[in-house]
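The following exercises concern a single protein model.

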Amino acid sequence: MSGICAGRVAVVTGAGRGLGRAHALALAAEGAKVVVNDLGVGLDGGGDPGDGTADSPTDGPAQRVVDEIRAAGGEAVAHGGDIATAEGAQSLIATALDAYGRLDALVNNAGFLRDRMLVNLGEDDWDAVVRVHLRGHFLPLKHAAAHWRAESKAGRTPEARVVNTSSGAGLLGSVGQGNYSAAKAGILGLTLVAAAEMARYGVLVNAIAPAARTRMTERTFAETMAAPGGDAFDAMAPDNVSPLVVWLASAAGAGVTGRVFEAEAGRITVMEGWRPGPTVDKGARWTPAEAGEAARELLARAAPPQPVYGAG
């Protein structure tokens, strides 16, 4: 198949449904050979996905996406391992190399929710969400990076790409999602470090903060995420986010690294992150009262913070 990803091999985690599925289909439509990863679990990471496939690994969500890609004339293979384990992440990268002999792009997308207000948030729910989102980004990235470093040292410098998935919750916080927001904010930090470390090996690393209708959002933000009737533009369709992901995963995205993009409906925004604002330097140690007065004066000159998701 022709397209801007022709000849490239892409891995997409959590690609059995929602955004991951849309990314996998869009990459394949642009010529990529795709490794479709999905563990086939429920919305909260439990064993039953709620669609009757929990006990059917050969007919689970990853394989169904593979079948869709093949039916459209593309190439894809399924991977059902847990990418938040070293073994699962290593086998994910090995699957791409065994099936297609190369790896050009990694799209980290897998995740689930266990929403609670902080006073009700259990340690298990904290650990599970941080594990799948943050560890589930780190381990595939680690094993892909090791492969690309070896390629570079062998004189075969890749045009490799990583697209990580953060969230507005990671950028601004979200009421009732302390675990999810912390994990998604961590992904932003990981993206910046990986972009700096991996540039020497020909690897570009960026992140997206998408807004779309998925299993994770259609319940929490049911009214906002509802599909319109008729021929109206479906602003919250996951497919709206995928074109940016495909471009970032392609060779066409040369020179773009360490960036974070919001993607929603027909809008793409470059997020500028933490930058120094108003400052004052006394040149000596402050007293607490002086520090407080200085802080209030600085805040009066600073831009107001963005609203936290879910507040009000």
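**Exercise 1.** State what share of the residues of the protein count as buried.

*Solution.* The model is a predicted one. The protein has 312 residues, and 45% of them count as buried. Its accessible surface comes to about 15400 Å². Carbon and sulfur atoms account for 53% of that surface.

**Exercise 2.** Determine how many helices and strands the protein has.

*Solution.* There are nine helices and eight strands. As for contacts between residues at least 6 apart in sequence, 70% join residues at least 24 apart.

**Exercise 3.** Decide whether helices H4 and H6 are roughly parallel or roughly antiparallel.

*Solution.* Step one: locate the helices. H4 covers residues 123-153 and H6 covers residues 178-198. Step two: take the geometry. The two pack at an angle of about 15°, and their axes lie 8 Å apart. Step three: apply the cut-off. Angles under 35 degrees count as roughly parallel, and therefore H4 is roughly parallel to H6. The crossing of the two helices is right-handed. Step four: list contact residues. Among them are Val130, His137 and Leu141 of H4, and Ala183, Gly186 and Leu190 of H6. The residues of this contact comprise 15 nonpolar, five polar and two charged.

**Exercise 4.** Classify glycine 186 as buried, partly exposed or exposed.

*Solution.* Glycine 186 belongs to helix H6. Its relative accessible area is 24%. Buried requires under 20% and exposed requires over 50%, so glycine 186 is partly exposed. The C-alpha atom of glycine 186 is separated by 9.9 Å from that of histidine 137, 49 residues apart along the chain.

Definitions and conventions:
Residues numbered from 1 in each chain as written. Predicted model: local features only at pLDDT ≥ 70, side-chain atom pairs only at ≥ 80, totals over all residues. Heavy atoms only, no water. Helix = DSSP H or I, 4+ residues; strand = E, 2+ residues; numbered from the N terminus. Buried < 20%, exposed > 50% of the residue type's maximum accessible area, 1.4 Å probe, protein only. Contact = heavy atoms within 4.5 Å. Areas by Shrake-Rupley, 256 points an atom, 1.4 Å probe, with all protein chains shown as cover. Axes fitted to C-alpha atoms, helices over the stretch in contact; angles between N-to-C directions. Parallel < 35°, antiparallel > 145°, perpendicular 65-115°, else oblique. Left-handed = near helix turned anticlockwise from the far one by under 90°. Nonpolar A, V, L, I, M, F, W, Y, C, P; charged D, E, K, R; others polar.
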